[in-house]
Amino acid sequence: MKRDWQTSKLILPTAPRLTRRALFGGLASGGLALAGLVSSPSGLRPAAAAVRVADLRGTIDAAEFGIRPGAADDQSALMQQAIDAAASRGRALFLPGGRYTVANLRLPSGARLVGLPGQTRFDYQGGGHLVFAEGAKSVGMEGIHFDGDNKLLGEYTPALMHFADVDDLLIEGCTISGSSKTGLALDRCTGRITGNIISGARGAGLRSIEARGLSITDNHVRDCANAGILVYRWSEGEDGTIVTGNRVERIAARDGGTGQNGNGINIFRAHGVVVRGNRVTDCAFSAIRSNAGSNIVIEGNSCLRSGETAIYSEFAFQGAVIAGNLVDGGAIGISIANFLDGGRLATCSGNVVRNIVDTGPYPAEVQGFGIGIAVEADTALTGNVVERAARIGLHMGWGPYLRDVAATSNVIRDCPIGTAVTVVEGAGPALISGNLYAGATRGAIVGHRWKEATTGDLTAPGAADAFSHLAIQGNMVR
């Protein structure tokens with residue numbers, strides 16, 4: 001300390017200026033010093049000298065609790081202790097790369113597990129479940145591979161990883177593989193499931209029941225035995241789950257049935273669900289199947305090589321928007337059905353449907369296979385392109401189950417029958433107008449009684465006059 005000889009005032013020493021370069025240079029020089037301040041042991045208390053990189057990141061390192069990646073012994077107890085401690089301190093638990101043999105972990109409120117993507121791995125050792133949380137808030141996991149190794153799960157758990165009544169759940173950038181049941185099961189949860197890989201589940205890849213504001217986005221679900229993504233409710237009600245940007249591939253139907261299994265994205269009794277921008281391929285039954293889901297939006301999806309109906313809105317639904325989807329392959333392209341059970345009110349517009357075959361995964365029932373688009377009640381069918389459906393391009397009504405359907409401005413190419421419309425007594429009004437038919441070798445528009453074609457081509461002058469419920473006009477046939 002010096003004195004100014006002119007003013008006789010004391011001159012205090014100035015602290016060195018803390019620059020960005022100095023800060024990061026200090027961190028790089030060992031990870032324990034902060035801009036040179038910690039490097040002098042005489043300048044700080046011992047507690048301050050113990051600052052670590054993990055603390056700077058806001059995480060706790062699992063090694064603090066004796067957890068060792070790659071250890072052959074069971075580390076479940078130590079892992080649970082670390083999870084609880086980190087949550088109580090309001091910190092994330094950082095898990096370095098390596099394998100951790102664990103089981104029966106429970107996540108409390110505030111728990112957050114962070115690993116190194118592709119390197120941090122939880123190996124299920126058997127004896128119950130891998131991860132469970134119930135009634136917790138703000139739970140998150142990032143960058144961890146959860147491997148069930150196809151080992152048996154407890155009878156009480158529906159999945160390798162099960163979350164019930166969890167608010168603000170985040171599962172991001174994780175891998176879930178080898179579950180002997182469902183991979184990830186969610187009950188009454190809110191939050192985001194994003195950017196994960198789920199594969200090899202014996203049941204469904206991901207199953208949600210009675211969600212309360214859930215987003216399922218940008219995941220890759222593949223090679224599951226019975227289902228890809230399920231959005232279910234025990235009873236019909238508003239759900240509002242958003243299913244967008246996912247890639248779903250190779251979904252089988254190992255447990256059989258005629259559509260209960262084998263679907264890429266399956267909505268059941270859940271209203272207000274949005275299914276948009278997904279790529280769904282090689283499913284034993286449907287790429288996207290909505291059963292009794294009202295106010296469903298199915299938009300902009302790519303559905304390739306489905307084993308049965310590629311896109312299905314069926315049974316007791318009211319309100320469906322099916323727009324801008326690409327369907328290539330399947331036994332039926334798009335079906336909006338079951339007016340008998342209350343299925344009604346839809347738009348089907350701007351879809352491309354092609355390469356529909358007349359064989360399916362079970363003996364053909366009702367109207368059979370080989371149909372591009374089938375509709376029944378209170379539906380506008382407009383601006384679609386159907387090419388190479390094995391039997392029928394557009395199928396309108398079934399027996400008396402037809403009401404207020406308009407088929408306008410569609411292009412139907414290389415389908416033996418362009419449009420099949422029911423002429424059974426009691427069928428309601430239908431408008432078929434302004435469509436273009438090319439290569440309809442058995443007729444552009446043909447009346448059907450149930451499955452049997454019973455009229456000639458109704459585009460011929462006067463041919464439709466006998467059917468007062470039909471308005472057929474302005475179509476081009478070539």
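1. Asp-414 is partly exposed, with a relative accessible area of 36%; here buried means under 20% relative accessible area, exposed over 50%, and partly exposed in between (1.4 Å probe, protein chains only). Although Asp-414 is not a glycine, its phi is positive, at about 55°. You will find Asp-414 in the loop between strand 41 (411–413) and strand 42 (417–422). Helices (H or I, at least four residues) and strands (E, at least two) are DSSP runs, numbered from the N terminus.

2. A word on what you are looking at. This is a predicted model, in which local features need pLDDT of at least 70 and side-chain atom pairs count only at pLDDT 80 or more, while totals for chains, interfaces and linings use all residues. Residues are numbered from 1 along each chain as its sequence is written, and side-chain values use heavy atoms, with hydrogens and water left out.

3. Ser-138 is another residue to check. Its phi is positive, about 55°, although Ser-138 is not a glycine. Ser-138 sits in strand 10 (residues 137–142) and is partly exposed, with a relative accessible area of 39%.

4. Leaving aside residues up to four places away in sequence, the residues touched by Leu-107 include Ile-83, Leu-113, Val-131, Phe-132, Met-141 and Phe-163; contact means heavy atoms within 4.5 Å.

5. Next, the aromatic rings. The structure holds six aromatic pairs. Rings of Phe, Tyr and Trp (its six-membered ring) pair if their centres lie within 6.5 Å; planes under 30 degrees apart count as stacked, over 60 as edge-to-face and the rest as tilted. The pair of Tyr-100 and Phe-122 is edge-to-face, because the ring centres are 6.0 Å apart and the planes stand at 65°. Tyr-100 is in strand 5 (residues 98–102) and Phe-122 in strand 8, so this pair ties together parts 22 residues apart in sequence. Tyr-100 is buried at 0% relative accessibility, and Phe-122 is buried with a relative accessible area of 0%. By contrast, the rings of Phe-285 and Tyr-362 have centres 6.1 Å apart and planes at 15°, so that pair is stacked. Tyr-100, Phe-122 and Phe-146 form one aromatic cluster.

6. Finally, the charged side chains. There are 26 salt bridges, each a side-chain nitrogen of Lys or Arg within 4 Å of a carboxyl oxygen of Asp or Glu. Asp-147 and Arg-121 meet in one of them (2.7 Å, N to O). Asp-147 lies in strand 11 (residues 145–147) and Arg-121 in strand 8 (residues 120–124), so the pair ties together parts that are 26 residues apart in sequence. Asp-147 is buried, with a relative accessible area of 12%. Glu-308 forms a salt bridge with Arg-289, with the closest N and O atoms 2.9 Å apart, and both Glu-308 and Arg-289 are buried. Salt bridges that share partners also join Arg-99, Arg-121, Asp-123 and Asp-147 into one network.
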